[in-house]
Amino acid sequence: MKIIISQNTLLLALTRIQSIVEKSSIIPITANALIVAKNASLTVSATNLEIGMIANYKNINIEKEGKIFINAKKFFEIIKELPDEDITITEKENYHIEVNCKKVTFNILGLPPEDFPLFSQQEPVPYIEWETEKLKKMIDYTSFSISIDETRMNINGAFIEKLEDGKVRMVTTDGYRLSMVDENISGEFPFNGGFLISQKGITELRKIISDKKEETKLSIMIIKNSLLIKLGEVELYIRLIEKKFPEYKYIIQQAEKNDIKIKVIKNNIKAALKRMSIIANENKRPVRFNFKNNIIEIFTEDSELGSVYEIIEMEEKIKNNFSFSINGKYFLDILQAVDDDVIININVSDKNKPILFNPISKIKATYIIMPMLSD
């Protein structure tokens, strides 16, 4: 193989795969990138066996077609430090690779490219188009409550399912809170049973959508146990979690029976919770909310750090006083994700029941936080 390519184009391709490749893996497949030059196009592929990415770049000056298999991190570091000029990459004997740019020459050792697994579509499958901005918003509204416990794979991801009214739902939970958002999509959603995307897959998908701002739509299809996303010149393969997501609808139905609804102003509560977090986050202390007349008293304390107390005025006067204690960070996560004020739904007769939060927005989003016992 011998190609001539701009430093910017190659650096962009290698930057995209850095979050996928394993930096210190002893498995060459997960630490290396496959680079293929063919038909005036350059294809860069990488995988960590859970996520795979292929990026295709056209109109490349190819003097000799071929493919190389090279350490992705080291190759990225080399290209990053080269001048912003054309780079010549030449494959030598025994998988040695020469990288030349102006007066700089690197000689590095690659591996047999046949070792890299193929991303192949076994048979034609239906795909749907999804508006990137809508999908990005759904991820932003829910991804913060994905469980980070990789031993509980059934909640270590985002569950996406089809609803009867033509909408699609994304749900996440870590066992202590739940986030759910419903959204319309253009076209048919053929995945009737729903599917579960890992946290790593959701993070990578969100990153690609942000990177490709000029693309308004993406294509999604399922191939066996993997989700394939096509966005511009990038293809992302995410191995789906083959575990059953919890039956979450029961807890939603419980919370929807709460008997008091109160509107809170996002910016007021958000600022107060940031101040509470200085004390509460250290040892995951509960934050207590007391609703009296037209004020909210917010309080938290820690035996090692101290306490903080704040009063916030409400727009409405409530008929009955009530209170609850929750993890303040969970509420703050909601307020940082949504764009609007929030309605809190509380069951005053049973303080152990989940508390429901609904932002006042065009997007239908629902959040649930389990109450905590305060000392």
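Student: Let's start with Lys 74: is the residue buried or exposed, or in between, and what is its relative accessible area?
Tutor: Keep in mind that we're looking at a predicted model. Exposed would need over 50% relative accessible area and buried under 20%. Lys 74 falls in the band between, so it counts as partly exposed, with a relative accessible area of 49%.

Student: Which residue does Lys 74 form a salt bridge with?
Tutor: Stay within helix H3, residues 72-81, and go 3 residues along, about one turn of the helix. The closest N and O atoms of the pair are 3.4 Å apart, and the partner is Glu 77.

Student: Helix H4 has a pair like that with Asp 140; how far apart in the helix are Asp 140 and Lys 136?
Tutor: Their side chains meet in a salt bridge, at 3.6 Å from N to O. Asp 140 is partly exposed, with a relative accessible area of 25%. Both sit in H4, residues 132-142, and the spacing is about one turn of the helix, or 4 residues.

Student: What about Lys 200 and Glu 150: how far apart in sequence are the parts they tie together?
Tutor: The two form a salt bridge, with the closest N and O atoms 3.9 Å apart. Lys 200 belongs to helix H5 (residues 199-211), while Glu 150 is in the loop between H4 and strand S11 (157-162), so the pair ties together parts separated in sequence by 50 residues.

Student: And how many salt bridges does the structure hold?
Tutor: Besides those pairs, there's a network linking Arg 16, Asp 211, Lys 212, Glu 214 and Glu 233. For the structure, the count of salt bridges is 23.

Student: On to the sheet: which strands are at its edges?
Tutor: The sheet is open, with 8 strands paired antiparallel in the order S14-S11-S12-S13-S25-S24-S23-S18. From one strand to the next, the twist averages 20°. An edge strand pairs on one side only, and that holds for S14 (195-198) and S18 (260-264).

Student: Last one: at about what angle does helix H8 run to S25?
Tutor: H8 covers residues 328-337 and lies across S13, S18, S23, S24 and S25. Angles here compare N-to-C directions on a scale from 0 to 180 degrees. Relative to S25 (364-369), H8 runs at about 170°.

Conventions:
Residues numbered from 1 in each chain as written. Predicted model: local features only at pLDDT ≥ 70, side-chain atom pairs only at ≥ 80, totals over all residues. Heavy atoms only, no water. Pairing = 2+ DSSP bridges. Helix = DSSP H or I, 4+ residues; strand = E, 2+ residues; numbered from the N terminus. Contact = heavy atoms within 4.5 Å. Salt bridge = Lys/Arg side-chain N within 4 Å of Asp/Glu carboxyl O. Buried < 20%, exposed > 50% of the residue type's maximum accessible area, 1.4 Å probe, protein only.
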